[in-house]
Amino acid sequence: MTDVETLQKETGVELLFSEDELEEQRDHIVEFIADIVDDAGADGAVIGLSGGIDSTATAYLAVEALGADSVHGLLMPSSVNPDADETDAERVAEALDIEYDTIDINPIVDAFVDAAPDHAAEDRMALGNVRVRTRAVLNYFVANAESRVVLGTGNRSEAATGYFTKYGDQAVDCNPIGALYKCQVRQLARKLGVPEDLVTRTPTAAMWEGQTDEEEMGLGYDDLDAILALHVHGPLSKHATVETINVPEDAIDRVVELYETSAHKRSMPPAPGSL
């Protein structure tokens, strides 16, 4: 795996922010969250807490923007979540002194399984997506009841590769960290004072037991961020990207494939043109 700081030193390719830039990003996101809530005439925000770095960083930023009293965290474990997930999420909520509730989503998911044709439950990906979409419904149930907005926790790396559930974890009112690559989220989280063990925790969407982001995508986030920034979002050719960051060509092909096949997730549902 490419280490981002080593990449910067050896190639001059900078994915991380300077201290001044990092503070500007922090202020910008905090102001963004406050404006979203204010423009909606809402009383605060709801955020799903997993204990992972994305939801944790977003929660820290939300508290800066709105105050602890205006942020409501939801912990929504299922049977495939490690016990550490709930513990880490509780740590975040308690450290920020925000209201939080724990909702076991297993009975809801089981109801979907019981209602659907038998073969549906045999599809691991489909069942994982049900878990994610169930959490989205609960986020909005609570947000609507409390006149709050739903804060998303998606980052730029996930959005570009389609690493999210359509109408699931991207069914939100805004994505405060949506312009940041994963390495930048980690950098900002450290700036916010997030505990290091949460910053470096293995990323997982907890769609099924033992699932991890990097294993499913087939490469590490640092390599992914570099390929996105240089080749997919940036100006370098595949050959130049290989030479710059010393990754195999098939890694670049994999990222390009993820980007192209997930385009539908980043667009409104298509409709035919008018006659």
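**View A. Ser 147 in the loop between α6 and β4 of the predicted model.** The phi angle of Ser 147 is near 55°, a positive value in a residue other than glycine. Most residues other than glycine have a negative phi.

**View B. Tyr 167 in the loop between α7 and α8.** Tyr 167 also has a positive phi, near 60°, and is a residue other than glycine. With a relative accessible area of 54%, Tyr 167 is exposed, since the class begins over 50%.

**View C. Arg 26 in helix α2.** Helix α2 comprises residues 19-39, Arg 26 among them. Arg 26 has 16% relative accessibility and therefore counts as buried, the cut-off being under 20%. Once neighbours within four places in sequence are set aside, the contacts of Arg 26 are Leu 61, Glu 64, Leu 188, Lys 191 and Leu 192.

**View D. Helix α13 and its buried and exposed residues.** Helix α13 covers residues 249-261. At 1.5 Å a residue, its 13 residues should span 18 Å, and the end C-alpha atoms are 18 Å apart, which agrees. Ala 251, Ile 252, Val 255 and Leu 258 are the buried residues of α13. Viewed down the axis of α13, these buried residues fall within an arc of 125°, so they line one face of the helix. An α-helix has 3.6 residues a turn, so residues three or four places apart point the same way. Asp 250, Glu 260 and Thr 261 are exposed and sit on the face of α13 turned away from the buried side.

**View E. The crossing of helices α11 and α13.** The axes of α11 (residues 221-232) and α13 come within 10 Å and cross at roughly 75°. This angle makes α11 roughly perpendicular to α13, because angles of 65 to 115 degrees are classed that way. From α11, the residues in the contact are Leu 224, Ile 227, Leu 228, His 231 and Val 232. They meet Ala 251, Ile 252, Val 255, Val 256 and Tyr 259 of α13. The residues of this contact divide into 9 nonpolar and 1 polar, with no charged residue. Ala 251, Ile 252 and Val 255, which take part in this contact, are among the buried residues of α13.

Note on methods
Residues are numbered from 1 along each chain as its sequence is written. This is a predicted model: local features need pLDDT of at least 70, side-chain atom pairs count only at pLDDT 80 or more; totals for chains, interfaces and linings use all residues. Side-chain values use heavy atoms; hydrogens and water are left out. Helices (H or I, at least four residues) and strands (E, at least two) are DSSP runs, numbered from the N terminus. The expected span of a helix is 1.5 Å times one less than its number of residues. Buried means under 20% relative accessible area, exposed over 50%, partly exposed in between (1.4 Å probe, protein chains only). The arc is that of the directions from the helix axis to the C-beta atoms. Contact means heavy atoms within 4.5 Å. Axes are lines fitted to C-alpha atoms, for helices over the stretch in contact, and angles run from 0 to 180 degrees between N-to-C directions. Angles under 35 degrees count as roughly parallel, over 145 as roughly antiparallel, 65 to 115 as roughly perpendicular and the rest as oblique. Ala, Val, Leu, Ile, Met, Phe, Trp, Tyr, Cys and Pro count as nonpolar, Asp, Glu, Lys and Arg as charged, and the others, Gly among them, as polar.
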